[in-house]
Number of protein chains: 2
Amino acid sequence: MEKKLIVINPGLEEELLEKIRTTARQTGCEIAIFNSEEEAGDPIMEAEIIYGHAPKAARQSDHLKWICIPWAGADAFCAPGAIKHAETLLTNSAGAFGLTLSEHALMLTLMLLRREPTYAAAVQENVWLRPVLPQRSIKDSRITLLGAGDIGRHIARRLVPFEPACITAVSRSGKSDEPSFDEMLPQSRLEEVLPRTDVLIMSLPSTPETIDILNERTLSLLPRNAYIVNVGRGTAIDEPALIHALETEQIAGAALDVTKTEPLPAEDPLWKTKNLLLTPHVAGNFAVAYTRQRNVEMFCEDLLRYAEGKPLLHLVDRSLGY
Amino acid sequence: MEKKLIVINPGLEEELLEKIRTTARQTGCEIAIFNSEEEAGDPIMEAEIIYGHAPKAARQSDHLKWICIPWAGADAFCAPGAIKHAETLLTNSAGAFGLTLSEHALMLTLMLLRREPTYAAAVQENVWLRPVLPQRSIKDSRITLLGAGDIGRHIARRLVPFEPACITAVSRSGKSDEPSFDEMLPQSRLEEVLPRTDVLIMSLPSTPETIDILNERTLSLLPRNAYIVNVGRGTAIDEPALIHALETEQIAGAALDVTKTEPLPAEDPLWKTKNLLLTPHVAGNFAVAYTRQRNVEMFCEDLLRYAEGKPLLHLVDRSLGY
C-alpha cells in the first residue's frame, strides 16, 4: 500500500507544490494537497505523513507517523497531548527562517539606533525635524544574541561587517561552532552579560526555560542605553515589566515583532508604549520567496530520507520543545 | 609667526576639541575655536587654516591657505567664487560618513523591501495588519550602487552577507578596487544596468554630471519592482519625475534622506507621495559618535601633513567637485 501524504498548503506557489508532488512520486507516496485541515476532512486521519498545520490530526490520528510543520516554533506541538503517539516524528522548518528573521532583526536594530520612529512621526506631520537627534551605530556596540540557533547565526553573520564591539551569543547549551560569535555563553550566565549589553536581540524558542526570561529582574540588569529587539517568541518577555522599563526610561527602547497575545488586542497598552516599535509578527512568515523555497527543499530532503529509512534532518526533540 | 588655525565647531565634544588643540600645539598653530563664522568675527580673515563651515571667509580671505569642511559634499565650495584664491587648498571629510550613511541606506532598503511603512501606519491605528504583505529580501536582489566612493564601498561591504544576486557599482570613472563590487561600470553605461536593477542605492556627489541623473527617461528604464534609496545629494533626482513614477506605480517605492530643497517646505508634494519614505537628511550628520571621531582624526592627520609640507590626504579636486 502506498504511503499517504497530505499537504496543508501554507501559501506555496504552484512551482513549489509541483516539487513536492515530484518528490512524493519518487518516494512512492500518494499525495493530496488542501488549503486547510478542515478542507482535508476525514481522509487526513489516514495520512502517514502530514506537511502543514494540522493540529486536530496530530491530536487524534493513529496512523500519523510523521508531521512536518512549515515554521520554526514547535512549542504548540510539543505540549502534552498535542501529538497522540509518542513515536510520531515531529520536524519543523527552523532553517528556513534565519534569512528573513535576520533581515527583520537588522532593520529593527537600525531603526532603534537611528531613531527612525521619531523622524517618521515628524514626517507624518510634514515636519523636517530639527535639531538632529543623537543616534547610535552598530559599530562599537556590544550586541548580545539571546538564542543562538539558525536565526541567531544568521543575525550574527550579517552584523559582522557593521563592526560591533562584540557579539555574545547566549543559548541553553552555551555551545556553538558559529565563527561570527565572539563569545558563547550558557543561559545560566545571562545575568553576567546583560550589564554589558547595548543591544539585546532575542530569537528564542518558547520553552519552559525561556518563558518570561526577560522580566523585572533581568531588565534591571541592562544599562540605561540598552535596546531590545525580539523576533523570536512573545512568551520570552514579561510585558508589564517591559512596559514599565520603557515608560520609566530604565532602558532606551525596544522593538517587538512578537507579543504574548496575537493578534495584539486593540486596547493593549503595548500599542502606545513609549519608545516601543511594533511590527505584527511579520519577521518570519511566508512573505519572502526564499523562505517558501527553503521550506519546501527542507521537507523534500527529509521526505527522501524518510523513504530510505534514514534519520530525518529537521527533527524536533519534543522533550526540549525545539 | 605662528600659523593661525580657526575651528568652527560643528558639534564636537570637549575630548575631540582637545585632540585638535594638541595637534595644533604639535604643529605650531595658534588655535581659536568658535561655534559659528559670525561668532569668530573679523579675526577669521587672518586665519591660514580653517576647519569648519566658513563660507564668507572662503569667499573673501586673502590669507586662507587651507579650508577643511567637516562633511562630504563639497559642491558649494567648488562653485565659482566660493573660494577666493585658486591656490587655497580644499579638503573634505568624505571618509568619515561611509559608516553612518551605509547604516542608514541598509535600514531604508530593508524598510522598503519588508513594507515597514505600511505596517507602521497600521500600528499607529492599533491595527494588527492582515493578511501579511508580500515582502522581498536583499538575498537574490540585484543591487545597483550609483556612486562608488567611500559611501558606496561601505554599503557594499555591509550588503555582502545578505547575499544579493549581484552588486553593480556605477561611478564617473567606472574604476574601483573594492572587492565587494561584483561589477563596476562607468556612468556612461548606467542605462544598461537600470533594467536589471531591483534596488538602486544612490550616494553621488552633486556635480554637473549627476544633477537630475534620475529623471523621466532613466526612471522609465527601471523594472516595475524597483526600489530607489538616495542617501547622497538631493540634486541627483528630478523630483516631479520621481513623484510621477511613484504615483503611477511605475516603480515599487523610494526612500529619500535628501531632497532638492532642504528643509523640505511643508507644502511640498513629496511629503505625501505614495510609496515614498522620507527621513530629514539625517543619514550622514554628526549624530553618530564615530563620525565625529573620524572627522577629527582625518583633519588632524592632514594638519600634521600640512605642517610637514606633505600633500594632504583628503583634497577635493575643485574642478570635479569632489
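This is a predicted model: local features need pLDDT of at least 70, side-chain atom pairs count only at pLDDT 80 or more; totals for chains, interfaces and linings use all residues.
Figure 1. His281(A) belongs to the loop that runs between strand 12 (276-278) and helix 11 (289-307) of chain A. Its backbone has a phi near 50°, a positive value in a residue other than glycine.

**Figure 2. Glu163(A), a further residue of chain A with positive phi.** Phi of Glu163(A) is near 60°, and this positive value occurs in a residue other than glycine. The loop that holds Glu163(A) lies between helix 7 and strand 7 (166-171) of chain A. Glu163(A) has 15 other C-beta atoms within 10 Å and is therefore partly exposed, since that class falls between the limits of 12 or fewer for exposed and 20 or more for buried.

**Figure 3. Packing of helix 5 against helix 7 in chain A.** The axes of helix 5 (residues 98-113) and helix 7 (residues 150-159) of chain A are 8 Å apart, and the two helices pack at an angle of about 55°. Helix 5 of chain A is therefore oblique to helix 7 of chain A. The crossing of these two helices of chain A is right-handed. From helix 5 of chain A, the contact includes Gly98(A), Leu99(A), Leu101(A), Ser102(A), Ala105(A) and Leu106(A). Their partners in helix 7 of chain A are Asp150(A), Ile151(A), Arg153(A), His154(A), Ile155(A) and Arg158(A). Classified by residue type, this contact has 6 nonpolar, 3 polar and 3 charged residues.

**Figure 4. Packing of helix 5 against helix 7 in chain B.** Helix 5 (residues 98-113) and helix 7 (residues 150-159) of chain B cross at roughly 55°, and their axes come within 8 Å. This geometry makes helix 5 of chain B oblique to helix 7 of chain B. Helix 5 of chain B passes helix 7 of chain B with right-handed geometry. Helix 5 of chain B contributes Gly98(B), Leu99(B), Leu101(B), Ser102(B), Ala105(B) and Leu106(B) to the contact. Helix 7 of chain B contributes Asp150(B), Ile151(B), Arg153(B), His154(B), Ile155(B) and Arg158(B). The contact of helix 5 with helix 7 in chain B comprises 6 nonpolar, 3 polar and 3 charged residues.

**Figure 5. The side of chain A that touches chain B.** Contacts between the chains involve 42 residues of chain A and 42 residues of chain B. Helix 5, helix 6 (116-124) and helix 7 of chain A are the elements that each give two or more residues to this side of chain A. Helix 5 of chain A supplies the largest share, 8 residues. By class, the side of chain A that touches chain B has 27 nonpolar, 7 polar and 8 charged residues.

**Figure 6. The largest nonpolar core and the surroundings of Ile50(A).** The largest nonpolar core contains 202 residues. The residues with the most contacts inside this core are Ile50(A), Ile67(A), Leu145(A), Val229(A), Ile67(B), Leu145(B) and Val229(B). When neighbours within four places in sequence are left aside, Ile50(A) is in contact with Ile6(A), Ile8(A), Ala57(A), Leu64(A) and Ile67(A).

Figure 7. The peptide bond from Arg130(A) to Pro131(A) is cis, and its omega is near 0°. Pro131(A) is placed in the loop between helix 6 and strand 6 (142-146) of chain A. In chain B, Glu262(B) and Pro263(B) are joined by a cis peptide bond with an omega of about -5°. Pro263(B) lies in the loop between strand 11 (253-256) and strand 12 (276-278) of chain B.

Conventions
Residues are numbered from 1 along each chain as its sequence is written. Chains are lettered from A and ligands numbered from 1 in the order in which they are written. Axes are lines fitted to C-alpha atoms, for helices over the stretch in contact, and angles run from 0 to 180 degrees between N-to-C directions. Helices (H or I, at least four residues) and strands (E, at least two) are DSSP runs, numbered from the N terminus. Angles under 35 degrees count as roughly parallel, over 145 as roughly antiparallel, 65 to 115 as roughly perpendicular and the rest as oblique. A crossing is left-handed if the near helix is turned anticlockwise from the far one by less than a right angle, and right-handed if clockwise. Two residues are in contact if their C-beta atoms, placed from the backbone, lie within 7 Å. Ala, Val, Leu, Ile, Met, Phe, Trp, Tyr, Cys and Pro count as nonpolar, Asp, Glu, Lys and Arg as charged, and the others, Gly among them, as polar. A nonpolar core is a set of buried Ala, Val, Leu, Ile, Met, Phe, Trp, Tyr and Cys residues joined through C-beta atoms within 7 Å.
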